Amino acid sequence: MIESVIARLAAAGCVAPAEEARELLHDAPDAAEIEARVRRREDGEPLPWITGHVRFGGLVLHAAPGVYVPRQQSEELARRAAAVLPWRGVAIDLCTGSGAVAAVLQHAVPDALVAGVEIDPCAAACAAHNDVQVVVGDLATPLHLAGAVDVVTAVAPYVPTGARQLLPTDVQRHEPLRALDGGDDGLAIVRRVVEHAATLLGPAGHLLLELGGAQDVLLGPELADAGFDPPEPWYDGDGDLRGVITRRVRRRGGGFKI
């Protein structure tokens with residue numbers, strides 16, 4: 001059975017057919033269910049939507065159909081955020097999606113108050129299933145925490161509209177457009193995250209954003225205008241930008257925004 005599933009997945013273009021075959025066959029009650037799962041994967045549906053779970057940051061998290069699947073590349077953002085989140089600190093994960101980053105932060109710093117905000121009710125329900133305290137709303141709009149937050153994270157949509165065609169076909173076909181498309185230069189939502197984070201964060205609070213391309217350079221002046229230090233980027237093994245971390249150091253006109 002497993003050999004035939006591996007062959008079908010390989011023919012469909014899956015990059016790790018043996019590993020995926022084991023995932024699909026695990027806990028399948030009968031041959032009909034196996035066939036249904038394999039066909040969904042052959043059609044390009046994300047594996048976590050089919051199995052109902054995804055591994056992220058050392059955790060096994062619930063994954064729901066229609067909800068953006070957290071990428072392994074985002075684990076570095078979660079790790080860096082956990083490193084600067086104080087004991088009994090407060091962290092807000094904007095655009096939380098399935099709550100993956102928030103879940104890792106809560107696991108890493110259990111005495112901290114960690115919450116996610118998500119505009120999509122289906123994604124928010126998935127985050128709640130992952131034991132994330134989640135609020136449905138547009139970025140920080142539903143929160144009343146001005147100056148009270150230590151860390152803000154966001155894996156906001158940052159793919160430029162014109163670059164969506166470069167994404168894998170399966171991603172374009174299945175994954176939610178709202179979680180991917182960041183407008184003309186990919187920073188339409190990210191810029192709003194910066195403005196909201198500037199209100200949420202207290203003095204020396206940290207903002208961590210997932211970015212790509214040369215978006216750290218594009219966003220630099222706006223971060224400075226919002227009262228943040230020059231962003232410190234990090235890169236993957238291929239030298240590609242994956243995100244930035246920066247600190248809230250002042251408000252416009254001088255002094256701290258509290």
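This report describes the strands, nonpolar core, pockets and cavities of a predicted model.

## Basis of the model

Residues are numbered from 1 along each chain as its sequence is written, and side-chain values use heavy atoms, with hydrogens and water left out. Because the model is predicted, local features need pLDDT of at least 70 and side-chain atom pairs count only at pLDDT 80 or more, while totals for chains, interfaces and linings use all residues.

Helices (H or I, at least four residues) and strands (E, at least two) are DSSP runs, numbered from the N terminus.

## Paired strands

Strand S4 covers residues 113-118. Five of the six residues of S4 are buried, where buried means under 20% relative accessible area, with exposed over 50% and partly exposed in between (1.4 Å probe, protein chains only). Two strands pair if DSSP finds at least two bridges between them. S4 runs parallel to strand S3 (residues 90-94), with five bridges between them, and Leu94 stands opposite Val117 in S4. From S3 the chain passes through H6 to S4 in a right-handed β-α-β crossover. A crossover is right-handed if, with the strands pointing away from the viewer, the path from the first strand over the helix to the second runs clockwise. S4 is also joined to strand S5 (residues 133-136) by four bridges, again in parallel, and Gly116 stands opposite Val134 in S5. Helix H7 (residues 121-129) lies between S4 and S5 in a right-handed β-α-β unit.

Strand S6 (149-154) has five of its six residues buried. S6 pairs with S3 in the parallel sense over four bridges, and Asp93 stands opposite Thr153 in S6. S6 also pairs with S7 in the parallel sense, over five bridges; here Val149 stands opposite Leu201 in S7.

## Nonpolar core

A nonpolar core is a set of buried Ala, Val, Leu, Ile, Met, Phe, Trp, Tyr and Cys residues joined through side-chain atoms within 4.5 Å. The largest one has 31 residues, of which Leu207, Leu209 and Phe228 touch the most other members. At least two residues of this core come from each of S3, S4, S6, H9, strand S7 (201-210), helix H10 (215-225) and S9. H9 gives the most, with six residues. In soluble globular proteins, nonpolar side chains tend to be buried together.

Grid points are joined across faces, edges and corners, and a volume is the space filled by probe spheres set on the points. The largest pocket holds about 1,500 Å³ of space. Its lining has 47 residues, and the closest to its centre are Pro70, Arg71, Gln72, Val171 and Glu175. Elements that give two or more residues to this lining include helix H2 (17-25), helix H3 (31-42) and strand S9 (241-247). S1 gives the most, with four residues. By class, the lining has 27 nonpolar, eight polar and twelve charged residues, where Ala, Val, Leu, Ile, Met, Phe, Trp, Tyr, Cys and Pro count as nonpolar, Asp, Glu, Lys and Arg as charged, and the others, Gly among them, as polar.

The second largest pocket has a volume of about 540 Å³. Of the 35 residues lining this pocket, Cys95, Glu118, Val155, Pro157 and Ala179 are the closest to its centre. Helix H6 (100-108), S4 and helix H9 (188-200) each supply at least two lining residues, and the largest share, three residues, comes from H9. The classes here are 18 nonpolar, nine polar and eight charged.

## Cavities

The structure holds two cavities of 30 Å³ or more. The largest cavity has a volume of about 40 Å³. Among the residues lining the largest cavity are Val54, His62, Tyr68, Ser98 and Cys126. Its lining divides into eight nonpolar, two polar and no charged residues.

The second largest cavity holds about 30 Å³. It is lined by Ala102, Ala103, Gln106, Val114, Asp131, Val132 and Gln133. H6 gives the most to this lining, with three residues.

Conventions:
On a 1 Å grid over the protein atoms alone, a cavity is a set of points where a 1.4 Å probe fits but cannot get out, and a pocket is an open set with protein on both sides within 12 Å along at least five of seven lines; lining residues have an atom within 4 Å of a point.
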